[in-house]
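Here are my notes on the model you sent over. Have the sequence and the 3D view open while you read.

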Amino acid sequence: MDKRKKVFVSGCYDLLHSGHVEFFRQAAQYGDLYVGIGSDRTILHYKNHKTVYSEQERLFMVQSIRYVKEAFINQGDGILDFLPTLDIVHPDILLVNSDGGSEAKRRVCEERGMEYIVLERVPQQGLTARSSTDLKKSPCQIPTRLDIAGTWIDQPYVSCHAPGWAITISLEPSFEIRDRCGLSTSTRNHIKRIWPYQLPNMDPETLARLVFCFENNPERKDGIVSGAQDAIGICVPGLCRHHYDNNFWPDKIESCEDETILQWLESHLVLVPIDARPAGCNVLEGKDIVRAKVQMLAEAAEACWQSIMQLNLMEFASSFKASFDAQVAMFPAMIQGTVQSHIDHWSADPDVLAWKLSGAGGGGYLACVVTDAATFCTNHPNTIELRIRRSGM
């Protein structure tokens, strides 16, 4: 084939995968390959969602593929956003895949004297067929968080009585994360409205602040401010503690990614699924927030952190349970419905050293400190081993 011909293809290439590369390889057999890339603005308006990767990142990735002669960000709009790019490249061939063709594109070729070629989707030999649509159906990779100790201290109406730490771990979404179950699914769902598939690669604390501000935008009408521990717990990898003193945002954030400590936590923490938080559940009913109880919460969280740093299992279990007891003392409605029966059942297991409800309570999961997580989950197949998210994941 005449390699001097110019071949043009266009697409979003947001979730770049092997199917795209194979398409470029096949297209390059017809001549020098030029690629038009949908702009961030066009994708937002045409597909009604933000891109995972910015247009400059996508341009860099596509230009780096050896089959591509040159690539451009399309300056047009809609499905024919590549028309201005055609005036730059002046291609001989417009090439599309079998599900990307249209009569409008065919007419463009007729009007400009270009050849119109449609390729069937055929994966590289030995590889799985890929498409962006299929990838978007794959499980979301946005992490969740588990609060370890100090829950509620991130609300100023609590920390105004005594300052203290909240302790969280960021968890890989390696299990089904159910709504209304205390794993910060509300905050996670807000994140998915901006970044549907994964968190962007940026400073974790800055990212957490952006998420917190997005979730608690000034137009929120329910009068509730979601605690910062949710955004921080999701966005900051590893183990993290954040200190609150009568403000919504912490005055100090400390994180730990020491591999010995993270592996130790993973070996002693499990989640036990229980009934979801019932509809209409209001954990604020009957609350009793006084200085002495908030101080108990703060002291338990401090002891919990120190026990983790020292890898002291029994002290960890004791302070973990003390934090939960302080929470329930302030918010007795955390224990609703069948929650107490689940606590009674699991606390009787000799391998369970301590327990607490995930999140603000009412149902969802029991987080349990156990002697050995792997053995415990083998003996109780419905329970969940945890994988703490590390930086870069």
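The points below go through a strand pair, a few helices and one serine.

1. Ground rules first. This is a predicted model, where local features need pLDDT of at least 70, side-chain atom pairs count only at pLDDT 80 or more, and totals for chains, interfaces and linings use all residues. Residues are numbered from 1 along each chain as its sequence is written, and side-chain values use heavy atoms, with hydrogens and water left out.

2. Strand 6 (residues 144-149) has six of its six residues buried, so the rest of the structure largely encloses it. "Buried" here is under 20% relative accessible area, "exposed" is over 50% and "partly exposed" is in between, with a 1.4 Å probe and protein chains only. Helices (H or I, at least four residues) and strands (E, at least two) are DSSP runs, numbered from the N terminus.

3. The partner to look at is strand 7 (residues 164-171), which pairs with strand 6 in the antiparallel sense over five bridges; pairing takes at least two DSSP bridges between the strands. Thr 144 stands opposite Leu 171 of strand 7.

4. What does Ser 159 touch, leaving aside its neighbours within four places in sequence? Ile 153, Tyr 244, Asp 245, Asn 246 and Asn 247 are in contact with Ser 159, contact meaning heavy atoms within 4.5 Å. Ser 159 sits in helix 7 (residues 156-159) and is buried, at a relative accessible area of 1%.

5. Helix 9 (residues 204-215) passes a length check: at 1.5 Å a residue its twelve residues should span 16 Å, and the end C-alpha atoms are 16 Å apart, which agrees. (The expected span is 1.5 Å times one less than the number of residues.) Its buried residues are Leu 207, Ala 208, Val 211, Phe 212 and Glu 215. Seen down the axis of helix 9, they fall within an arc of 135°, so they line one face; the arc is that of the directions from the helix axis to the C-beta atoms. They pack against helix 8 (185-194) and helix 10 (228-235).

6. Helix 8 buries Thr 185, Thr 187, Arg 188, His 190, Ile 191 and Ile 194. Their cover includes strand 6, helix 9 and helix 10.

7. In helix 5 (residues 103-112), Lys 105, Val 108 and Cys 109 are the buried residues. Down the axis of helix 5, these fall within an arc of 95°, so they line one face of the helix. The face turned away carries exposed Glu 110 and Glu 111. Just after helix 5, Gly 113 takes a positive phi of about 70°.
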